[in-house]
Amino acid sequence: MHEPTITLTNVSKKYVRQQALAPLDLSLDHNGIVGLIGPNGSGKSTLLKLMAGLAQPTTGSITLAGKKITRRASEHIAFLAEIDSLYSSHTVKEAIQFFDGATTDFSREKAEEMLDKLKVDLHQKIRRLSKGNRARVKLVLTLSRNVPILLMDEPLSGLDPLVREDILKMIVSYVDVEKQMVILSTHEVSEVEPFLDYVIFMKSGSVLLNEKVETLREERRINLVEVMREVLQ
Amino acid sequence: MTWKVLLKKEWKESSLRFFLNLGLLAVVYLVILYLMQRYSPLLFFLGIPAILTHVLYMFVDLIFSLRKEWKENTVYVWMNLPLPGWQLILAKLLTAFVQLMISLGVTFAFVYLFIIRAEQLIDYSVYREFAQGIVLLKEIFIKLLPFATMLIAHSAVVLGLVAVFIFLMSKIIQPLGWLVGVLITAALTTASVLFSNTAFYAAITEWGLIRTIADIPQEILFQFGDENAVEVSEKIIIHLYAGQLVYEGIILVAMFLVVSWLFDRKVQV
């Protein structure tokens, strides 16, 4: 896996009459865990979808290692949606088989190992799983893809503290921060702060800050929650 | 392995729809059989529209299939699969096509059964003067079966691709992308019909005669008593050229490439 470089040049996104993203320039070329933080409607999901090639920018261009990002960037980018997106008629085992067969970069062993640790019943239908277990399975299937970029849209949203803890543990344990870049959008700043290497703050469709967490702490001598308050206000 | 899981997933996701369709058809056919028995053997004609509606099978099925991906949010997984768009769309088309052929096969079998039953019942009914017509119709039915299957299958695939195109357009241009898709389809269909009436079209397609379907009984005489007669004496001659198949094949491939390209490059979740 090479060091990924996602470059957004003058990228904006408009849905009919609503401006979701103001024209922005952004370059992401570092492995590690990146927190995409901002209030609801700040454009986080739109930005992630654009980076995954699941939406098209209204203006500007997005490239991955110099190549225009389209849906085919899925060879290098795994996308985790905030909402339930697995085929509900599959059992957990069938979902693993599906990912294993449909993606060449999928590690079945890794998926089974994670699900075993999480004690998820492989024979249960996805639709019959609890919300927490559906979120766990969804994350396991995404993390089991051996791709340089993982985009996770609100992986902690609407989940109870135990599930959130499991999810963060899995991300930290199974992401190879030397070789992979994870961009996860979240509101739970204090919860993810210890694991973040970089942070991007967004508000009203604009990127307000894109910085290394360590640099922020050194320069401002405050924690990330306080930085967020300063930046977003 | 990739094809196996894609086709398995498509089959699983559409199986409820498919079996509901078969169940509904079975009910309709049983009702027709009952009506034939109870009222008139000539009611076997009600089976014919069931054959013709299969032209729309893939159109409806693919719209449902794509709509389901978006409605149930599985589109996030589906579109993030690291596979070319043509493969993902072809899996849907193949599944719909196999289901179409099964449904069509069942329908043909039932319609043939209706004709046989009508043949048996007609001698004991007040409509016995139609007996000869039914015998001729059975012959036509058997002779036209391969051609009708090919024509329905081809039309269904074209309409299936049209359905994919219109649906994808609705996800590319918002709002009213579907309308743009319908208008583009209408314009291209008109252009295609006009083109097919030109000498140039004839020149490029009328080569390699495969078959002339002309030995269909040219007269179906339905006697209505001694004085009235309805005579169908139109000559039915159908030439099937290799050139036509190549032309239609190229059109299908072109349509498929366009929708695959749109899917990979323009469609939005």
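Begin the tour at the start of helix α8 of chain A, where a side-chain oxygen of Asn223(A) comes within 3.2 Å of the backbone nitrogen of Val225(A). A polar contact here is a pair of N or O atoms within 3.5 Å; within protein, one must be able to donate a hydrogen and the other to accept it, and residues adjacent in sequence count only if both atoms are side-chain atoms. Helices (H or I, at least four residues) and strands (E, at least two) are DSSP runs, numbered from the N terminus.

The model is predicted: local features need pLDDT of at least 70 and side-chain atom pairs count only at pLDDT 80 or more, whereas totals for chains, interfaces and linings use all residues. Residues are numbered from 1 along each chain as its sequence is written, chains are lettered from A and ligands numbered from 1 in the order in which they are written, and side-chain values use heavy atoms, with hydrogens and water left out.

**Helix α8 of chain A**

Select residues 224–232 of chain A, which make up α8; Leu224(A), Val225(A), Val227(A), Met228(A), Val231(A) and Leu232(A) are buried there. They lie on the same side of α8(A), because they cover an arc of only 160° around the axis. The arc is that of the directions from the helix axis to the C-beta atoms. Buried means under 20% relative accessible area, exposed over 50%, and partly exposed in between (1.4 Å probe, protein chains only). Next, display what covers these buried residues: the cover includes β3 (32–37), α6 (189–192), β9 (198–203), β10 (206–212) and α7 (213–220) of chain A. Contact means heavy atoms within 4.5 Å.

**The sheet of chain A**

Now select the six strands of the open sheet, which follow the order β6-β7-β8-β3-β9-β10 in chain A with mixed pairing. Two strands pair if DSSP finds at least two bridges between them. At the edges stand β6 (77–80) and β10 of chain A, each with a single partner strand, so one side of each lacks a neighbour in the sheet. Strands β9(A) and β10(A) run antiparallel and are joined by six bridges. Within β10(A), Ser206(A) stands opposite Lys203(A).

**Gln19 of chain A**

Move to Gln19(A) in strand β2 (residues 18–28) of chain A. Gln19(A) is partly exposed, at a relative accessible area of 43%. A polar atom of the Gln19(A) side chain lies 2.7 Å from the backbone oxygen of Leu21(A). Leaving aside residues up to four places away in sequence, Gln19(A) touches Ser12(A), Lys13(A) and Lys14(A). Select Gly205(A) as well: Gln19(A) and Gly205(A) are 186 residues apart in sequence, yet 7.5 Å apart in space, C-alpha to C-alpha.

**Salt bridges**

Select Arg71(A) and Asp264(B), whose closest N and O atoms are 2.8 Å apart in a salt bridge. This pair crosses between chains, from the loop between β5 (67–68) and β6 of chain A to helix α9 (residues 242–265) of chain B. Arg71(A) is buried at 1%, and Asp264(B) is buried at 12% relative accessibility.

In chain B, select Glu119(B) and Lys138(B), a salt bridge with its closest N and O atoms 3.1 Å apart. The pair links distant parts of the chain, 19 residues apart: Glu119(B) is in helix α5 (residues 85–122) and Lys138(B) in helix α6 (residues 131–172) of chain B. Finish at Lys9(B), Glu10(B), Glu69(B) and Lys92(B), which salt bridges with shared partners join into one network.

How values were computed. Salt bridge = Lys/Arg side-chain N within 4 Å of Asp/Glu carboxyl O.
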